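Here are a few exercises to work through with the model open beside you. Try each one yourself before reading the solution.

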Amino acid sequence: MSDRFQRVEPTPFDAAPQSTVDSASESRGGRSAAMALPVLALLVGIALFVFFALPRLVEQDPTVVAGPPTAEQGGGRAGPVPETTGTGAASNDSASASPYADAVEARARAEAQELLGELIDVRENLENRGALDWAASAMEAIAGLATQGDEQYRERAFDEAIASYRAALDQALALEGSLPQRFEEQLEAIEAAVEALDVEAATAALVMAERLEAGAPEIDPRRERVEALPAIVDAVAQAESAEAEGDLVAAVDALDGAAARDPQHQRVARELARLRDALTSQRFNAAMSEGYAALDEAAFDRAETRFKRAAALRPGSSEAEAALSELGVARTAARLQDLRRRAEASAGEEDWETAIKLYEEALAIDSSLRFAREGLADAQPRAEITRELGAIIEQPERLVDDAILAEARASLAKAEAFGDAGAKLAEQRARVADIITVASRPLPVRLRSDGETEVTVYKVARLGSFEERELELRPGTYVAVGRRPRYRDVRVEFTVGPDSREPVLIACNEPISF
């Protein structure tokens, strides 16, 4: 039995005459050799009293003998119990009395009283701890044995009374010894009732635990859980109702509140985990459905957002990973389709530079794409000839150079090799053909000078000094240089064309000062 359940030990009660109690006490403790003579003297005195004085006292007034406290009296001093008269072994016939018999009787009486006193103390401790409620039959049996001992004591059958009292005490002590276990059982009952959301059972177990061990440190935290239980029961009911209506958010919120009130409640924790998982599943499924709907609409960015949300809700989900992979394939396919459409449109408009960029972008994604490889092979030479013809059209004057004129004629030949030329290429070919024709036909050009200046026309001829001269030159831009001693050189750029009519003046007329 733990210290918490230790009862208060009673003061031993002895109603026998002092001399008898002392003799009995010495007998129980074992007489020592040093006390032999005093005890012998005491016994002789008792014998003289019994043989000479006691018969006269009995004749004058019957004596009374004090009995032990009964179980019903609880442990207070017992009143006098009349001696039993008769011829039995317990008779007070003075003729049969002897000092030895009285001593034995006193010892038995003292032992019975000691047992009864301890029994009463244990019984009071049990009653204070509610044993009349949780062990009614056992307490009734103990009381029956105690009452039987009382009757035997009154009849001076002390050995039988001792046996009855001892049996009652043994049962009471056994019951008292079960207090720690019963206390633990009530604590367990509280926990079980709280988990079962049984407010009535939890409250009853708490009351019983407090009766078994008031003030125990284990009770306060359990009292807090029991006090929070009604609110938790309401929260669980709200969660169940919300879940039945499909409102998992409200269900989770309700159980979050319950968990905050009792963080140790395992049932609430399990239900909260289940509802959170259900809510996660609901959100996951919604995100996946929205993602696939967006994918069907080719809204790839929106689909990616939904699929990534699903993946975040369930990290490592194979479904989310498969959806993102499918999205990547669809997005790539759509991208390639778009590149093909735009490239073909650019080719149709003879925008070969743009078409080349689009085909190259498609091949960067998938180098095996047939449409991109074939489209690029067709677009590159067309783009090249388009650039060459455009350069001729933009700078026709360059054709005054025989080499450049030859290149122009070669470019025109390549352009004419494209039989399926579009409108732009056809227009370019026509313009270049005209430019080449004009550039190939010389035109008359008149040059004037002062007769003193040496004139040279670059890429044509050194003409020397003259006052006027006419040349046949192909259309284009030319440069003439004049030199004269002691005069600054002159440089004249002139253009030859169908509309050129004015003569070109080349003369050095600015003297150099020394």
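**Exercise 1: the chain as a whole**

Among contacts in the protein chain between residues at least 6 apart in sequence, what percentage join residues at least 24 apart?

*Solution.* Keep in mind that this is a predicted model. Start with the inventory: the protein chain has 17 helices and nine strands. Next, look at burial: 36% of its 514 residues count as buried. Now for the contacts: of those between residues at least 6 apart in sequence, 61% join residues at least 24 apart.

**Exercise 2: the cores**

*Solution.* First, find the core: it has 57 residues, and Leu119, Leu126, Trp134, Ile190 and Leu255 have the most contacts inside it. The top contributor is helix α9 (residues 219-244), with nine residues. Then pick Leu255 and skip its neighbours within four places in sequence; its contacts include Ala235, Val236 and Ala239, along with Val268 and Leu272.

**Exercise 3: aromatic pairs**

Classify two of the four aromatic pairs in the structure: Tyr153 with Phe158, and Tyr478 with Phe494.

*Solution.* You need two values here, because a ring pair is described by the distance of the centres and the angle of the planes. For Tyr153 and Phe158, the centres are 5.0 Å apart and the planes lie at 75°, so this pair is edge-to-face. Tyr153 is buried, at 4% relative accessibility, and so is Phe158, at 6%.

Tyr478 and Phe494 are stacked, with 5.7 Å centre to centre and 20° between the planes. Tyr478 belongs to strand β7 (residues 476-483) and Phe494 to strand β8 (residues 490-496), 16 residues apart. Check burial here too: Tyr478 is buried at 7% relative accessible area, and Phe494 is buried at 6%.

**Exercise 4: charges over rings**

Over which ring does the charged end of Arg484 sit?

*Solution.* It's the ring of Tyr487, with the charged end of Arg484 4.0 Å from the ring centre. For another case, go to Phe284: the charged end of Arg314 sits over its ring, 5.1 Å from the centre.

Key. Residues are numbered from 1 along each chain as its sequence is written. This is a predicted model: local features need pLDDT of at least 70, side-chain atom pairs count only at pLDDT 80 or more; totals for chains, interfaces and linings use all residues. Side-chain values use heavy atoms; hydrogens and water are left out. Helices (H or I, at least four residues) and strands (E, at least two) are DSSP runs, numbered from the N terminus. Buried means under 20% relative accessible area, exposed over 50%, partly exposed in between (1.4 Å probe, protein chains only). Contact means heavy atoms within 4.5 Å. A nonpolar core is a set of buried Ala, Val, Leu, Ile, Met, Phe, Trp, Tyr and Cys residues joined through side-chain atoms within 4.5 Å. Rings of Phe, Tyr and Trp (its six-membered ring) pair if their centres lie within 6.5 Å; planes under 30 degrees apart count as stacked, over 60 as edge-to-face and the rest as tilted. A charge sits over a ring if NZ of Lys or CZ of Arg is within 6 Å of the ring centre and within 35 degrees of the ring normal.
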